[in-house]
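Please work through the exercises below with the sequence and the structure side by side, trying each task before reading its solution.

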Amino acid sequence: MRTLNALSTRVLLICAAIGVATGLVGAVAGWLTPVVVVALPIVYGLVLGSHVLPGIIAQELLRMPFVALLTHLIAALVATAFNPAWAGRFLGTALLFGAIQEGVAALTRYRAWGAWRFFVSAVVIGAVVAVVVGFAADLARLPLWAQIVYIVLSVLGPVAWTAAGLWVGAALRRAGVARPPRR
């Protein structure tokens with residue numbers, strides 16, 4: 001039985017399809033961001049957490065090196081087409097989240113694909129989001145309860161979206177998307 005080769009046409013097309021679908025999710029998150037930041041900034045981590053989807057789905061489905069980063073970059077380009085003003089943010093988020101997901105996978109030498117590994121990357125991403133956005137949004141000006149809720153939701157956002165991404169990736173795997181065609 002043949003396996004998927006790195007950068008084969010099949011792998012690239014699968015990453016592109018996932019990138020387009022999750023790029024649309026990213027575009028919606030981009031449109032929601034200004035509203036959320038103004039109306040209810042403590043839930044921003046839930047919105048930003050949606051950007052973990054490209055890498056989670058790609059890694060769960062393909063279980064190969066570099067598919068998270070590639071799929072994140074495609075998703076960022078798709079989201080940018082719908083909101084060009086956010087191009088830098090989309091690409092920066094794609095590089096950061098994709099690098100964290102690839103880094104966690106690389107630490108296990110791309111051999112451990114249990115759900116725990118995906119959730120480790122989600123918690124790391126959530127912590128980074130909480131710190132970086134907390135400084136950018138001047139979290140200190142909020143009451144203590146809002147700061148706590150913000151931090152909890154910033155970590156739980158990527159975790160919840162990771163669970164959704166694992167579910168989608170597993171469903172695609174069961175549907176046979178990752179299997180090479182029979183000859």
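This is a predicted model: local features need pLDDT of at least 70, side-chain atom pairs count only at pLDDT 80 or more; totals for chains, interfaces and linings use all residues.

Residues are numbered from 1 along each chain as its sequence is written, and side-chain values use heavy atoms, with hydrogens and water left out.

**Exercise 1.** Determine where A75 lies, whether A75 is buried or exposed, and which residues A75 touches.

*Solution.* Begin with the place of A75, which is in helix α4, residues 67-82 (helices are DSSP runs of H or I with at least four residues, numbered from the N terminus). Next, A75 counts as buried because its relative accessibility is 6%, where buried means under 20% relative accessible area with a 1.4 Å probe and protein chains only. Finally, leaving aside residues up to four places away in sequence, A75 touches G19, T22, G23 and P54, a contact being heavy atoms within 4.5 Å.

**Exercise 2.** Describe how α6 and α7 pack, and state which classes of residue make their contact.

*Solution.* First, helix α6 (residues 115-136) and helix α7 (residues 144-174) pack at an angle of about 145°, and their axes are 8 Å apart (axes are lines fitted to C-alpha atoms over the stretch in contact, and angles run from 0 to 180 degrees between N-to-C directions). Then, the residues making this contact include F118 and F119 of α6 and Y150 and L166 of α7. By class, the contact has 16 nonpolar, 4 polar and no charged residues, with Ala, Val, Leu, Ile, Met, Phe, Trp, Tyr, Cys and Pro counted as nonpolar, Asp, Glu, Lys and Arg as charged, and the others, Gly among them, as polar.

How values were computed: Helices (H or I, at least four residues) and strands (E, at least two) are DSSP runs, numbered from the N terminus. Buried means under 20% relative accessible area, exposed over 50%, partly exposed in between (1.4 Å probe, protein chains only).
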